[in-house]
Amino acid sequence: MLLATFKLCAGSSYRHMRNMKGLRQQAVMAIGQELNRRALGGPTPSTWINQVRRRSSLLGSRLEETLYSDQELAYLQQGEEAMQKALGILSNQEGWKKESQQDNGDKVMSKVVPDVGKVFRLEVVVDQPMERLYEELVERMEAMGEWNPNVKEIKVLQKIGKDTFITHELAAEAAGNLVGPRDFVSVRCAKRRGSTCVLAGMATDFGNMPEQKGVIRAEHGPTCMVLHPLAGSPSKTKLTWLLSIDLKGWLPKSIINQVLSQTQVDFANHLRKRLESHPASEARC
């Protein structure tokens with residue numbers, strides 16, 4: 001329905017009509033209306049989530065200057081829907097149970113979400129400005145394997161527009177090798193709205209990255225990281241990470257829960273060490 005609406009409004013079957021500004025604007029409006037209709041409902045979100053959800057209708061300015069293929073539009077839509085669904089889960093404050101809390105205040109919670117399964121939520125405060133975290137987690141995404149032992153490699157397979165990526169992630173073994181190597185192919189969508197940044201994603205299909213021998217293809221999604229300055233301390237950043245993973249294969253739930261919860265705790269510790277050892281100027285080199 002969404003792709004058909006776009007083609008009808010944009011006149012994509014007629015080459016001479018592709019640069020007509022009015023038709024492009026109609027396409028943007030139609031796609032935005034379609035996504036708003038599909039957007040996840042739920043309780044009123046907190047202010048910073050609501051700010052992102054209100055302003056993140058699909059493609060807006062991106063489609064005004066560029067027309068995409070049907071496959072690229074599908075990826076853009078999937079990234080947007082991953083963000084809407086992940087933010088919808090975070091906005092619902094009911095049902096969260098504490099998994100662990102560290103001495104420094106880092107906290108992991110979890111709950112079971114219908115049609116998604118068990119999800120984990122990490123909440124930490126990092127003594128670095130949001131710009132620095134955005135640089136490390138988004139702009140230098142492919143370098144994560146250098147500082148996070150749980151990740152062997154991340155590659156950006158395709159970039160679509162300004163803020164949507166198809167990525168391949170190879171994860172390391174976990175829980176004393178009880179959990180063997182997994183890999184993930186995901187669509188990721190990064191958006192900045194005011195003082196808030198969201199990096200969301202979920203599993204997708206990408207023909208040029210088939211399953212690899214000896215590695216189980218697991219699935220993300222929906223997942224997201226939300227960054228915004230800590231209230232009253234703009235030089236510090238509140239990071240919230242919603243993690244939802246289907247590891248596939250045969251694994252006891254107790255091991256899965258332990259691995260995912262510990263993965264979030266470890267991530268926060270490794271991220272802090274990275275930020276402390278690589279100042280912003282050095283990270284850009």
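**View 1. Leaving aside its neighbours within four places in sequence, which residues is T240 in contact with?** The partners are L90, R121, L122, E123, C224, M225 and V226, where contact means heavy atoms within 4.5 Å. T240 sits in strand β11, and its relative accessibility is 1%, so it counts as buried. Buried here means under 20% relative accessible area, exposed means over 50%, and partly exposed is what falls in between (1.4 Å probe, protein chains only). Before you go on: this is a predicted model, in which local features need pLDDT of at least 70 and side-chain atom pairs count only at pLDDT 80 or more, while totals for chains, interfaces and linings use all residues. Residues are numbered from 1 along each chain as its sequence is written, and side-chain values use heavy atoms, with hydrogens and water left out.

**View 2. The whole protein, before zooming in.** You'll find eight helices and twelve strands here; both are DSSP runs numbered from the N terminus, with helices being H or I of at least four residues and strands being E of at least two. Out of 285 residues, 50% count as buried. Look at contacts between residues at least 6 apart in sequence, and 61% of them join residues at least 24 apart. The protein exposes about 14,200 Å², with carbon and sulfur atoms supplying 49% of that; the areas come from the Shrake-Rupley method with a 1.4 Å probe, and for residues only the protein chains shown count as cover.

View 3. Rolling a probe the size of a water molecule over the atoms shows where empty space is left. The search uses a 1 Å grid over the protein atoms alone: a cavity is a set of points where a 1.4 Å probe fits but cannot get out, a pocket is an open set with protein on both sides within 12 Å along at least five of seven lines, and lining residues have an atom within 4 Å of a point. Points are joined across faces, edges and corners, and a volume is the space filled by probe spheres set on them. The count comes to one cavity of 30 Å³ or more, and the largest cavity holds about 550 Å³ of space. Its lining has 32 residues, with E169, H220, W241, L243 and I245 lying nearest the centre. Among the elements that each supply at least two lining residues are β4 (151-160), β5 (164-171), β11 (233-243) and α7 (253-277). By class, that lining splits into 21 nonpolar, eight polar and three charged residues. For the classes, Ala, Val, Leu, Ile, Met, Phe, Trp, Tyr, Cys and Pro are nonpolar, Asp, Glu, Lys and Arg are charged, and the others, Gly among them, are polar.

View 4. The largest pocket has a volume of about 350 Å³. It is lined by 16 residues, and the closest to its centre are G117, K118, I245, D246 and I256. Helix α7 gives the largest share of this lining, four residues. Seven of the pocket's lining residues are nonpolar, five polar and four charged.

View 5. The whole structure has three aromatic pairs. One of them, W147 with F267, is tilted, at 5.9 Å centre to centre and 45 degrees between the planes. This pair ties together distant parts of the chain, with W147 in the loop between α6 (130-139) and β4 and F267 in helix α7, 120 residues apart. Rings of Phe, Tyr and Trp (its six-membered ring) pair if their centres lie within 6.5 Å; planes under 30 degrees apart are stacked, over 60 edge-to-face, and the rest tilted. W147 is buried at 9% relative accessibility, and F267 is buried too, at 3%. Ring pairs link W147, W241 and F267 into a cluster.

**View 6. Helix α6.** Eight of the ten residues of α6 are buried, so the rest of the structure largely encloses this helix. The buried ones are M130, R132, L133, Y134, E135, E136, L137 and V138.

View 7. G221 and P222 are joined by a cis peptide bond, with omega about -10 degrees, and P222 is in the loop between β9 and β10. D115 has a positive phi, near 70 degrees, although this residue is not glycine. D115 belongs to the loop between β2 (107-113) and β3, and is exposed at 82% relative accessibility. Q212, in the loop between β7 and β8 (216-217), is partly exposed at 32%. Not counting residues up to four places away in sequence, Q212 touches H168, D183 and R217.
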